[in-house]
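Please guide me through this structure as I look at it in a viewer, telling me what to select at each stop and what is found there.

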Amino acid sequence: VHIPANSAGPALIVTLAAGETIHTENSYKFTPDTLSALLTDSGFTPTQLLTDPARLFAVTLATVA
């Protein structure tokens, strides 16, 4: 795999073994209430929820409790 140089650093070549896999993403879906509970249980306090007009996407701001 060749990763070209960019503002994060120089070019990089990664050699993979035959059959080796690449994990590219974790995607989790939470309701606002579920995320609030998860954050609270983890020692954070949800302080602001920003959503798109249809409430399909959200960004949650949280602080350390």
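What is the volume of the largest pocket? The volume of the largest pocket is about 340 Å³, where a volume is the space filled by probe spheres set on grid points joined across faces, edges and corners. A pocket is an open set of points on a 1 Å grid over the protein atoms alone, where a 1.4 Å probe fits, with protein on both sides within 12 Å along at least five of seven lines, and lining residues have an atom within 4 Å of a point.

This is a predicted model, in which local features need pLDDT of at least 70 and side-chain atom pairs count only at pLDDT 80 or more, while totals for chains, interfaces and linings use all residues. Residues are numbered from 1 along each chain as its sequence is written, and side-chain values use heavy atoms, with hydrogens and water left out.

Select next Phe30, Thr31, Leu56, Phe57 and Ala58, which, of the 13 residues lining the largest pocket, lie nearest its centre. The lining divides into eight nonpolar, three polar and two charged residues (Ala, Val, Leu, Ile, Met, Phe, Trp, Tyr, Cys and Pro count as nonpolar, Asp, Glu, Lys and Arg as charged, and the others, Gly among them, as polar).

Now stay with phenylalanine 30, found in the loop between strand 2 and helix 1 (helices, H or I of at least four residues, and strands, E of at least two, are DSSP runs numbered from the N terminus). Phenylalanine 30 has a relative accessible area of 43% and is therefore partly exposed, a class between buried, under 20%, and exposed, over 50%, with a 1.4 Å probe and protein chains only.
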